[in-house]
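I opened this notebook to keep a record of what I looked up, in the order in which I looked it up. The structure I worked from is shown here.

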Amino acid sequence: MIYKSVADRLRIRVNGAECRVGDVLPGEKALAEQYGVSRMTIRKAVDMLIEWGLVERRHGSGTYVTKKDVQHETKGLSGFTELMREQGRTLTSQVLECRTMPAPPAIASQLRVKVNEPVYYSSRIRSVDGRALLLEESYMPVRLFRNLSVAHLEGSKFDYIERECGIAIAGNYECFSAVLADRVTAELLHIEQGAPILRLTSLSYSESGEFLNYSIMFRNGNDYHVDYHLHRFR
C-alpha cells in the first residue's frame, strides 16, 4: 500500500543525520506535497511512525521526533556498548551460555588457531531499551583471555579486551547478509518465524595481528539502521 511506502521513506528521513530527536516534522499539507500523495496517506504513514515509537503527535503543536532506530555509523570502529552509550540508549546483555570447547575447523580457521585449541563459546541476547535486538554467538581464544566470565559478557567485550586485558583492538572484518529467522532465533528475538533479519559475522583483530573474537550475530532488521560514511581515497 502507498502509505506503507511513504512510512518507510519517512522512517529513513527521521533516522537521517538532518533530523534530530525533538525536531518537529513538516505539517501534513507540506509532506503531502513533498511526497506527491494525499493528506490522508500522510496521516496513515505518520500513524505507522507513531506505532514504531519514532514520533508523537502533540495536539495543537505538531508531530515530534521522539527517538531514532538503533543506528550504527561506519565512520569508525566502535563497540556496540559504546554506540548505545553515545546514543543514550539502555543496553542489557543476557548471557545464555558460556563455556570452553575445542575449536572446530571452521572456527579455528577464522581465529587462526589450531583445530581443537581451547576457545570460549558464548551466546547472549542484547536488548536495547528493553527490546531484544540481537542474538550473538562468539568464539574467543582461551590463551588470550584466561579469566573471561559471565560478568564480562554481561558488559562490554571491547572494554574487557582493551581495559582489563590491555589488548588494543585495531580493526574488524564484518559481513552482512539477509536471512529468515528460524524458530529458535524468532523466539529469542520475539519476532515471527520466517521474518527477515540480518546475519552479521564479525572478526576482530589486535594491533599485533592476533585474531581476538569471532562473532555470528542475528539482528532484528525492523529496529536496526545503518549509516555509511565512506571516504574516497585517491
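**Entry 1: ground rules.** I noted that this is a predicted model, in which local features need pLDDT of at least 70 and side-chain atom pairs count only at pLDDT 80 or more, while totals for chains, interfaces and linings use all residues. I also noted that residues are numbered from 1 along each chain as its sequence is written, and that side-chain values use heavy atoms, with hydrogens and water left out.

**Entry 2: the whole chain.** I looked up the secondary structure and found 8 helices and 10 strands in the protein chain; helices (H or I, at least four residues) and strands (E, at least two) are DSSP runs, numbered from the N terminus. Of the 234 residues in the protein chain, 44% are buried, where buried means under 20% relative accessible area, exposed over 50%, and partly exposed in between, with a 1.4 Å probe and protein chains only. I then looked at contacts (heavy atoms within 4.5 Å), and among those with a separation of 6 or more, 58% are between residues 24 or more positions apart.

Entry 3: I checked α1, whose 14 residues reach 20 Å from first C-alpha to last, close to the 20 Å expected at 1.5 Å a residue; the expected span is 1.5 Å times one less than the number of residues. The buried residues in α1 are Tyr-3, Val-6, Ala-7, Leu-10, Arg-11, Val-14 and Asn-15.

I went on to α3 (residues 39–51), which has 13 residues and reaches 18 Å, close to the 18 Å expected. Which residues of α3 are buried? I listed Thr-41, Ile-42, Ala-45, Val-46, Met-48 and Leu-49. They cover an arc of only 150° around the axis, which puts them on the same side of α3; the arc is that of the directions from the helix axis to the C-beta atoms. What covers these buried residues includes α1 (2–15), α2 (28–35), β1 (55–58) and β2 (62–65). After α3 comes Gly-53, with a positive phi near 80°.

**Entry 4: aromatic rings.** I counted 4 aromatic pairs in the structure, where rings of Phe, Tyr and Trp (its six-membered ring) pair if their centres lie within 6.5 Å, and planes under 30 degrees apart count as stacked, over 60 as edge-to-face and the rest as tilted. The rings of Tyr-121 and Tyr-139 have centres 5.3 Å apart and planes at 50°, so this pair is tilted. Because Tyr-121 lies in strand β5 (residues 118–128) and Tyr-139 in strand β6 (residues 131–141), the pair ties together parts that are 18 residues apart in sequence. Both Tyr-121 and Tyr-139 are buried.

I found a further tilted pair in Phe-145 and Tyr-160, at 5.9 Å centre to centre and 45° between the planes. Phe-145 is in the loop between β6 and α6 and Tyr-160 in helix α7 (residues 157–164), 15 residues apart. Phe-145 is buried at a relative accessible area of 0%, and Tyr-160 is buried at 3%. I also noted a cluster of Tyr-173, Tyr-205 and Phe-211, linked by ring pairs.

**Entry 5: charges over rings.** A charge sits over a ring if NZ of Lys or CZ of Arg is within 6 Å of the ring centre and within 35 degrees of the ring normal. I recorded Arg-112 over the face of Phe-211, at 4.5 Å from the ring centre, and Arg-58 over the face of Tyr-64, at 4.0 Å.

**Entry 6: His-152.** I located His-152 in helix α6 (residues 150–153). Is His-152 buried or exposed? His-152 counts as buried, at 16% relative accessibility. Leaving aside neighbours within four places in sequence, I found His-152 in contact with Asn-147, Tyr-160 and Glu-164. The side chains of His-152 and Glu-164 are joined by a polar contact of 3.1 Å, and a polar atom of the His-152 side chain lies 3.5 Å from the backbone oxygen of Asn-147. A polar contact is a pair of N or O atoms within 3.5 Å; within protein, one must be able to donate a hydrogen and the other to accept it, and residues adjacent in sequence count only if both atoms are side-chain atoms.

**Entry 7: positive phi.** Most residues other than glycine have a negative phi. I looked up Asn-116, whose phi is positive, near 80°; Asn-116 is in the loop between α5 (105–111) and β5 and counts as exposed at 54% relative accessibility. His-190 has a positive phi of about 60° although it is not a glycine. I placed His-190 in the loop between α8 (183–189) and β8 (196–206), and His-190 is exposed, with a relative accessible area of 67%.
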